[in-house]
Amino acid sequence: MDIGTIISYLQKYDGPEIKLMEVCGTHTSSIFRNGIRSLISPRIRLISGPGCPVCVTPTSYIDCISDYALKDGYEVLTFGDMMKVPGSAGCLSERKGEGAKVHIMYSPFEAVEKAQTYPQTTWVVAAVGFETTAPAYALMIKEAAEKNITNIKVVTALKTIIPALKWICENQPEIDGFICPGHVSVITGSEIYSELAEKYRKPFVVAGFEAEHILAVIYDIVKQLEKGEARADNLYQNAVRSGGNEKALDILSRCFETDAATWRGLGTIAGSGLYLTGRYAAYDGGSRGLGRDMELPEGCRCADVITGRIDPAECPMFASSCTPASPYGPCMVSAEGACGIWYRNR
């Protein structure tokens, strides 16, 4: 079916109101960039989900990283989008002004190079992400172990998306269907959504990132709902296989095991965290037990944004007291967060 026919159908849709959650922040950006809301019926509502791993990182994780950065003989490596995530005593950028030794990295493998160059320093890697980035951390740790490098520690806030989607299905039953993340699905494969579709009787459809990809997925979901169907479809087959990336999944299974993890704004979700295991557990810098999270500021409704209860613009702090330059809630701290995306496109 050509894209013009799909747009015409979606614009004319006049059935029951439908709420679809795009899980991935890159999808949210694409939806704004391509004006997709203006191409579909107002009865089809697109809402953002917990697709930004930085945004759901709890306070205690930031505090742990900050403590390492202030400790003699330790230096921290992190990606830049972690620098403004609030901790109980300030963000990493603010703590750096207090003398914290924090460096922005562009690849986890920089830790191996620095550990070899500066053996007197212990390099602490802030490992944050979903299944998309977890294999890179696993490969870095594997390389460090093979080279017998011992002055690297990794503090993980790595999360898996399926337990979060289960949590949303059980706590937000009014969401009718899900636009599944493309990048994560490259690793996990599309088949993992089949159980969710069958159990919760909702469509889960994997999407690419171009406008026509997202419109095709919205069309697929709407047609499924009209027919009373609930399938896990893959409309990103040029990048996503049913069984995923076998090599990436293999290295993940060798390096990590799953356990409960805290999501800022959501609470603790069973089986949603990845933690170093086996011979690689010696590289763990204290990732388990980082479940403490500070209460969100009064008036902040990031928890409602992450779960799709409201749009970012409905938060009373949005674009007034909460901006990318001075973020209060987790959704504003990263370019991939829902509030950050809405702010840039408001």
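Analyst: The residue to begin with is D63, which sits in helix α3 (residues 59–69) of what is a predicted model. With a relative accessible area of 9%, D63 counts as buried, because the cut-off for that term is under 20%. Its surroundings, once residues up to four places away in sequence are set aside, consist of G87, S88, A89 and R292. With one of these neighbours, S88, the side chain of D63 makes a polar contact, side chain to side chain, at 2.7 Å.

The largest nonpolar core holds 48 residues, and the members that touch the most others are I161, L165, F178, Y193, F204 and W263. At least two residues of this core come from each of α7 (161–171), β7 (177–180), α9 (194–200), β8 (204–206), β10 (256–263), β11 (267–276), α12 (302–306) and α13 (338–344), with α7 giving the most, 7 residues. The core also draws on both domains, taking at least three residues from each of domain 1 (1–303) and domain 2 (304–344). For one of its members, F204, the contacts beyond four places in sequence are with L165, C169, F178, C180, Y193, L196, A197, R231, A232 and D233.

The C-alpha centres of domain 1 and domain 2 are 17 Å apart, and the contact involves 35 residues from domain 1 and 28 residues from domain 2. Together the two domains bury about 2600 Å², of which 60% lies on carbon and sulfur atoms. On the side of domain 1 that touches domain 2, the elements giving two or more residues are α2 (25–33), β2 (44–48), α7 and α12, and the largest share, 5 residues, comes from α2. A salt bridge is also formed by D304 with R301, where the closest N and O atoms are 3.0 Å apart.

Terms used: Residues are numbered from 1 along each chain as its sequence is written. This is a predicted model: local features need pLDDT of at least 70, side-chain atom pairs count only at pLDDT 80 or more; totals for chains, interfaces and linings use all residues. Side-chain values use heavy atoms; hydrogens and water are left out. A nonpolar core is a set of buried Ala, Val, Leu, Ile, Met, Phe, Trp, Tyr and Cys residues joined through side-chain atoms within 4.5 Å. Buried means under 20% relative accessible area, exposed over 50%, partly exposed in between (1.4 Å probe, protein chains only). Helices (H or I, at least four residues) and strands (E, at least two) are DSSP runs, numbered from the N terminus. Domain bounds come from an automatic or database domain assignment. Contact means heavy atoms within 4.5 Å. Buried area is the accessible area (1.4 Å probe) that two parts lose on being put together, summed over both. A salt bridge is a side-chain nitrogen of Lys or Arg within 4 Å of a carboxyl oxygen of Asp or Glu. A polar contact is a pair of N or O atoms within 3.5 Å; within protein, one must be able to donate a hydrogen and the other to accept it, and residues adjacent in sequence count only if both atoms are side-chain atoms.
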